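Please keep the sequence and the structure in view while reading.

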Amino acid sequence: MTINETSFFRDHCLFDALRETVVPQLIKSNSAERKLRIWSAAASTGQEAYSIAMLLCEHFLTLESWDVKIVGTDISRPAIGCARRGSYRRLEVNRGLPARMLVKYLTRDGEEWEIAPKLKSMCEFRYANLCATLPALPTFDLVLLRNVLLYFTPQDRKSVFRGVHQHTSERGYVMLGASEQAEDSTTLFHAEFTKQCYFYRPIAKPESRSR
Ligand SMILES: C[S@@+](CC[C@H](N)C(=O)[O-])C[C@H]1O[C@@H](n2cnc3c(N)ncnc32)[C@H](O)[C@@H]1O
């Protein structure tokens, strides 16, 4: 059930789409409140959330004065512990992290590399089972629900999409893994294709959403 396989900048095409399309669009739509909420919904040991933090710091200086929070959740408490520590072995940083980003955003500590305090302060990690009642979470502008749907039954998938929909802002985006689709949730999301990558936008507006 809890295979924690992950890596930094997993699936480059998704990060290209975020950099070139999704984040610029969110900066436009949220410019009045200057607030951005991102959810790594099966965060595993944290590389996905920290990759997003690096992408924002590297390419969107304007966000330095914004209220930005990346929330990583997972069902595996050991994985959450690793994510909170933000300390990775050479094998882990060698997978997907360009050398320039490694020395800029992590510090070497013996055999391990530790995420910089600035990135850690942008991220928080919490327990959540996507198939059960979700904990109190804000409404998110971007949800990464990647490489976890394959563990769920079709019925569970539907209920997970309903929960994700409830927590996605009207102007928000949901991104799945490269080989995943939201085909059984067409009443909740519609798909858009850009930069070789699908992302999903919420259709109906739920009755109440809080940020
Ligand atoms: C293969 S990893 C994917 C990590 C990351 N999203 C990525 O794409 O690199 C799948 C993660 O989903 C988590 N997971 C499995 N079932 C879950 C559930 N019901 N609720 C929350 N997380 C779950 C596992 O613990 C694991 O960390």
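With 20 C-beta neighbours inside 10 Å, phenylalanine 9 counts as buried, because the cut-off for a buried residue is 20 or more. The model is a predicted one. Phenylalanine 9 belongs to the segment before α1. Its phi is positive, about 45°, although phenylalanine 9 is not a glycine. Most residues other than glycine have a negative phi.

Aspartate 11 is also found in the segment before α1. Its phi is near 70°, again a positive value in a residue other than glycine. Is aspartate 11 buried, exposed or partly exposed? It has 18 C-beta neighbours inside 10 Å, so aspartate 11 counts as partly exposed.

| Residue | C-beta neighbours inside 10 Å | Class |
|---|---|---|
| Phenylalanine 9 | 20 neighbours | buried |
| Aspartate 11 | 18 neighbours | partly exposed |
| Cysteine 82 | 20 neighbours | buried |

Cysteine 82 is in contact with Thr45 and Gly46, leaving aside its neighbours within four places in sequence. Glutamine 47 is 35 residues away from cysteine 82 in sequence, while their C-alpha atoms are 9.9 Å apart in space.

Helix α2 covers residues 47–59, and its axis comes within 11 Å of the axis of α1. The two axes cross at roughly 40°, and the crossing of α1 past α2 is right-handed. Which residues make the contact? From α1 they are Phe15, Leu18 and Arg19, and from α2 they are Ser51, Leu55 and His59. By class, the contact of α1 with α2 has 3 nonpolar, 2 polar and 1 charged residues.

## The nonpolar core

The largest nonpolar core has 60 residues. Ala53, Val143, Leu145 and Val174 touch the most other members. Helix α1 (residues 12–29) gives the largest share of this core, with 7 residues. In soluble globular proteins, nonpolar side chains tend to be buried together.

Alanine 53 can be followed in more detail. Leaving aside its neighbours within four places in sequence, alanine 53 is in contact with Ile70, Leu119, Met122 and Cys123.

## Strands

Strands of a sheet pair through backbone hydrogen bonds, either parallel or antiparallel. Both kinds of pairing can be found here.

An open sheet of 3 strands has the order β3-β5-β4, and its pairing is antiparallel. Why is one side of β3 and of β4 left without a neighbour in the sheet? β3 (87–89) and β4 (106–109) stand at the edges and each has a single partner strand, so one side of each is left without a neighbour in the sheet. From one strand to the next, the twist averages 35°.

β4 pairs with strand β5 (residues 112–115) in the antiparallel sense over 4 bridges.

The parallel case is given by strand β7 (residues 140–145) and β8, which pair over 5 bridges. Leucine 145 has leucine 176 in β8 as its bridge partner, and Leu145 is also among the core residues that touch the most other members. How much of strand β8 (residues 168–176) is buried? Of its 9 residues, 7 are buried, so strand β8 is largely enclosed by the rest of the structure.

Note on methods
Residues numbered from 1 in each chain as written. Predicted model: local features only at pLDDT ≥ 70, side-chain atom pairs only at ≥ 80, totals over all residues. Pairing = 2+ DSSP bridges. Helix = DSSP H or I, 4+ residues; strand = E, 2+ residues; numbered from the N terminus. Axes fitted to C-alpha atoms, helices over the stretch in contact; angles between N-to-C directions. Core = buried A, V, L, I, M, F, W, Y, C linked by C-beta atoms within 7 Å. Buried ≥ 20, exposed ≤ 12 C-beta atoms within 10 Å, placed from the backbone. Contact = placed C-beta atoms within 7 Å. Left-handed = near helix turned anticlockwise from the far one by under 90°. Nonpolar A, V, L, I, M, F, W, Y, C, P; charged D, E, K, R; others polar.
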